[in-house]
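Open the model in your viewer and keep the selection tool ready.

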Amino acid sequence: MNTEKNAVQRHYAVCPHDCPSTCALEVEKKDENTIGRIHGSKQNSYTDGVICAKVARYAERVHNPDRLRTPMKRVGAKGVGIDAFEPISWDEALDTIAQRFQVIAQEDGPEAIWPYFYAGTMGWCQQYAAHRLRYAMGYSRQKETICVGISNAGWQAGIGSKKGVDTQEVAESDLVVIWGGNPVHTQINVMTHVAKATRNGAKLVVVDPYRTPTAAKADLHLKLRPGTDGALACAVMHQLLEDGNVDLPYLEKYTDFDDGVRTHLKSKTPEWAAAITGVEAEEIVEFARLYGASAKSFIRVGYGMSRSRNGASNMHAVTCLPAMTGAWQHLGGGALYGHGDIYKRVDRKFFHGTAMADSVARELDMSRIGPVLTGDPKDLGDGPQVKALFIQSTNPMVVAPDLNKVHRGFAREDLFIVVHEQIMTETAAMADILLPATTFLEHDDLYSASGHTSLQVSKRIINPHAECRSNHEVVQGLVQRLGIDDELFEMDALQMVDHALAQGDLPSADEVHAAQGVDLAESFEDAHFLNGFGHADGRFHFYADWKALGDRKGRLPVLPDHAELIDQVDADHPFRLVTAPARTFLNSSFTETASSLKKEQRPTLFIHPEDCSEYSIAEGDLVTLGNSLGQVRVWAKPFEGVSRGVLIVEGIWPNAAFLDGVGINALISAEPALPNGGAVFHDTKVWIKKEEK
Ligand SMILES: Nc1nc2c(c(=O)[nH]1)N[C@H]1C(S)=C(S)[C@@H](COP(=O)(O)OP(=O)(O)OC[C@H]3O[C@@H](n4cnc5c(=O)[nH]c(N)nc54)[C@H](O)[C@@H]3O)O[C@H]1N2
Ligand SMILES: Nc1nc2c(c(=O)[nH]1)N[C@H]1C(S)=C(S)[C@@H](COP(=O)(O)OP(=O)(O)OC[C@H]3O[C@@H](n4cnc5c(=O)[nH]c(N)nc54)[C@H](O)[C@@H]3O)O[C@H]1N2
Ligand code: SF4
Ligand SMILES: [Mo]
C-alpha cells in the first residue's frame with residue numbers, strides 16, 4: 001500500500017481560485033491525463049501543508065462529467081444545457097465569433113461588444129485575457145466592482161495603500177481579531193496561523209452577524225447587526241480614549257488625529273453603539289479594554305463588513321483602531337486586508353494589454369450587468385446597447401446582483417453571447433457559441449496572493465481535457481482573425497510571465513517555479529508603515545477623503561461613524577438578509593461536485609428560533625423571502641447563533657437549486673455602493689412568509 005502510494009508522483013502547482021490563500025499545492029499525477037488527490041505544500045510557510053477539502057478532492061472537478069469537451073454552437077433554446085448544443089470545430093467557432101464581432105462593431109460601434117470576466121482563475125495571464133481583447137479592439141471597458149470595489153476604497157481611505165502585516169506574525173500577537181470574515185469557510189490558512197497564536201496565549205475575537213464556525217472558536221464573538229461596524233469601531237475608539245488606552249505620541253507622529261477627531265468620538269458611547277449594533281454596551285467595553293490592553297493586536301479584515309451601501313465607511317472605521325493604540329509598531333501588531341501593492345514590481349498593466357488602447361472606450365459596471373443588458377440609460381449613457389458579450393472565468397447568471405434583471409438581459413434574442421467555460425454552468429447554457437476551457441492543471445500562469453507574500457508560477461501538469469484551450473489561446477485565436485498584430489499575442493503564457501518577471505528584475509519563470517515562489521514581503525518598517533502610510537503626507541487618515549475616492553456628493557461621513565445609508569428595515573420588510581459564502585462551494589464553483597452538494601444539501605435559511613415561533617416556522621419548512629426585486633424560497637433551519645431580525649443564507653447556489661428557478665441574488669440590489677461602486681451582497685431588507693402546505 002505504502003510503496004504504491006509513494007510511487008505516485010507529486011507536482012507543484014498553485015491554486016487558481018478566487019481565495020486570498022493562493023495555496024502552494026502538491027498534485028498527485030496518475031498519468032498524463034489524470035490527477036489523484038491534491039495536498040498543501042509544506043515548502044510555502046503560509047500554506048504550511050494545509051488546504052481546503054474542496055481543492056484536496058479536485059479530481060472530482062477536473063474530471064467532472066460536465067466538463068466541456070469541444071467548441072459548440074447552440075441549436076436549441078437558451079438555458080437547456082448540453083442537449084441544446086452541437087459540437088463544431090475551433091476554426092468554425094472562432095470564425096463565427098470574429099465575423100459577428102466585426103458586423104456588430106461596424107453597425108453599432110466597438111463599444112457594443114463587452115468582454116466580461118472575473119476571477120474564476122486568479123492567474124495574471126489567463127484572468128486578464130479578456131482585457132487584452134478589449135484593449136486591442138476598443139470594446140467596452142469593465143469596472144471591476146463585484147468583489148473588492150468597496151473594500152479597496154475603505155482600506156485606502158485611511159491607509160493609502162493596499163498592503164499590511166503578514167498574517168504569519170500572529171504567532172507573536174496577544175490578540176487576534178477576525179472582523180467581517182469567516183476564514184474557516186473562505187481561507188482556511190488564516191486559522192492555521194491563528195491556532196499558533198492561541199496556543200501561545202493570544203485571545204481571539206470575531207466580529208460577525210452570526211456564529212460562523214470561525215466565531216464558534218472565539219473567546220469573544222461580537223454578533224453585530226449587518227452594516228453597523230462603523231458604530232462598533234467608533235464606540236471602541238471612544239472607550240480607548242476614556243480609558244487612556246491610546247498611544248498619543250504615535251497618533252501625533254503617524255496620523256492626522258486631532259481635537260476634532262477626539263471631540264467627534266466623545267458622543268460615540270458604547271450605549272449609542274449598542275442601540276445601533278445590537279451588541280450589549282458591556283461587551284463593547286470588554287472588547288475595547290481587551291484591545292486597549294494588547295499592544296500586539298492584529299486585525300484580519302474580511303470583506304463581509306464592506307458588502308453594504310455604507311461598507312467603505314465601516315472598513316475605514318475599523319482600520320482606525322490600530323492607529324489609535326499604535327499597534328502597527330509591534331511585531332504581531334497591526335492589520336491586514338490584502339497584500340496587492342507589494343506585487344507592484346510586476347506590471348499588471350502588461351497583462352491587461354492597456355498599451356494597445358488608442359482611445360478611451362466607455363466603462364460599464366460589472367455589478368450592474370442586469371441594468372446594463374436591459375438597457376438602463378444610467379449605465380449606457382449615450383453609448384450603444386450591448387449587442388455581444390464575451391465571457392471568461394465568471395458565472396454572472398448566478399453570482400451577479402439583481403438576478404431577475406440579469407436573466408432578462410441574457411434572454412434577449414438580439415444579444416450574441418460567447419462563453420468560455422470549463423463546466424456547463426447556467427451562464428454557459430445561455431451561450432450562442434460555447435468554448436471549452438482548460439483548468440489550472442492544464443495551463444501555465446503567474447499568481448500573486450492577497451493573503452500572503454509569495455509570487456508563484458504554476459505550470460501545466462496534465463494534458464488539456466479533450467479540445468480545451470486556455471483563455472490566452474482563445475484570445476490569441478480571435479485577435480488574429482480580427483486583424484490585430486501585436487507582439488503581446490505572439491508570446492505564450494509562460495513567455496509573457498517571463499517577460500513581466502524580467503521587467504520587474506525578478507528571477508525567471510522556471511526559477512520561480514522551481515523555488516515554489518519568490519517571497520516579496522517588505523521590510524518590517526515598510527509593512528508596519530513605520531516609514532509612513534500610503535498617503536502623500538505619509539500619515540494615517542482619520543479624515544477620509546471620500547471625494548478623491550469617487551463620492552462626489554460627499555454622502556459618506558468624513559470621520560468614522562455609522563452611516564445610515566443601509567437598506568433599513570421597515571414594517572413591510574422586518575428582516576435583514578446576509579448571503580454569506582458556503583464552506584464547500586467557492587462562489588458558484590464546486591456546485592457541480594457531488595461531495596460539495598452532499599455537504600451543503602440545499603439552500604438553507606438560518607433564522608432565530610423566536611422568529612421561527614413568531615412565524616410558526618419549523619425546521620425544514622419552505623419559507624419565501626421577498627422584497628421589491630424578487631422572491632426566493634428556501635428551507636428553514638432554526639439557529640440561535642443568529643440575532644432576531646437577521647437571516648443568513650449561505651452559498652451561491654445555482655438557480656436550478658431553487659424551486660422557482662432563480663437564485664438568492666434575485667433579492668440583492670444592483671445599486672452601486674459609495675464611494676465608487678460595488679455590490680451590496682449583505683445589505684438587503686426582506687419580508688418572510690411561511691409556505692402553506
Ligand atoms: N469556501 C469558500 N471560500 C471562499 C468563497 C466562497 O464562496 N466559499 N469566496 C471567495 C471570495 S470571491 C471572497 S471575496 C472571499 C470572501 O471571504 P470573507 O472575507 O470571509 O467575506 P464575505 O464573503 O463577505 O463574508 C464573510 C463574513 O462576513 C459576515 N458579514 C456580513 N455582513 C457583515 C457586516 O456588516 N459586518 C461584519 N462584521 N460581518 C459581516 C458574514 O456573516 C460572513 O460570515 O472568500 C473566498 N473564499
Ligand atoms: N449572494 C452572493 N453573491 C455573491 C457573493 C456573495 O458573497 N453572496 N460574492 C461575490 C463575489 S465576492 C465574487 S468574487 C463573485 C464571484 O463569482 P464568479 O466570478 O462567478 O466566481 P466563480 O463562481 O468562482 O466562477 C468562476 C467561473 O469561472 C470558471 N473558470 C475557472 N477557471 C477558468 C479559466 O481558466 N478559464 C475560463 N474560461 N473559465 C474559468 C469556473 O468554471 C466558474 O464557472 O460572486 C459574487 N456573488
Ligand atoms: S484554501 Fe483557497 S487557495 Fe487554498 S486550496 Fe482552498 S480554495 Fe485554493
Ligand atoms: Mo470575491
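The tour below goes from aromatic rings to a pocket.

This is a predicted model, in which local features need pLDDT of at least 70, side-chain atom pairs count only at pLDDT 80 or more, and totals for chains, interfaces and linings use all residues. Residues are numbered from 1 along each chain as its sequence is written, and side-chain values use heavy atoms, without hydrogens or water.

**Stop 1: the rings.** Select Trp328 and Phe533. They form an edge-to-face aromatic pair, 6.0 Å centre to centre with 80 degrees between the planes. (Rings of Phe, Tyr and Trp, its six-membered ring, pair if their centres lie within 6.5 Å; planes over 60 degrees apart count as edge-to-face.) Trp328 and Phe533 sit in two loops, so the pair ties together parts that are 205 residues apart in sequence. Are Trp328 and Phe533 buried or exposed? Both are buried, meaning under 20% relative accessible area with a 1.4 Å probe, protein chains only.

**Stop 2: a charge over a ring.** Select Arg61 and Phe590. The charged end of Arg61 sits over the ring of Phe590, 5.6 Å from its centre. (The test: NZ of Lys or CZ of Arg within 6 Å of the ring centre and within 35 degrees of the ring normal.)

**Stop 3: the second largest pocket.** Select Arg555, Pro672, Ala673, Leu674 and Gly677. Of the 21 lining residues, these lie nearest the pocket's centre. (A pocket is an open set of points on a 1 Å grid over the protein atoms alone, where a 1.4 Å probe fits, with protein on both sides within 12 Å along at least five of seven lines; lining residues have an atom within 4 Å of a point.)

Terms used: Chains lettered and ligands numbered in written order. Phe/Tyr/Trp six-rings, centres within 6.5 Å; stacked < 30°, edge-to-face > 60°. Helix = DSSP H or I, 4+ residues; strand = E, 2+ residues; numbered from the N terminus. Buried < 20%, exposed > 50% of the residue type's maximum accessible area, 1.4 Å probe, protein only.
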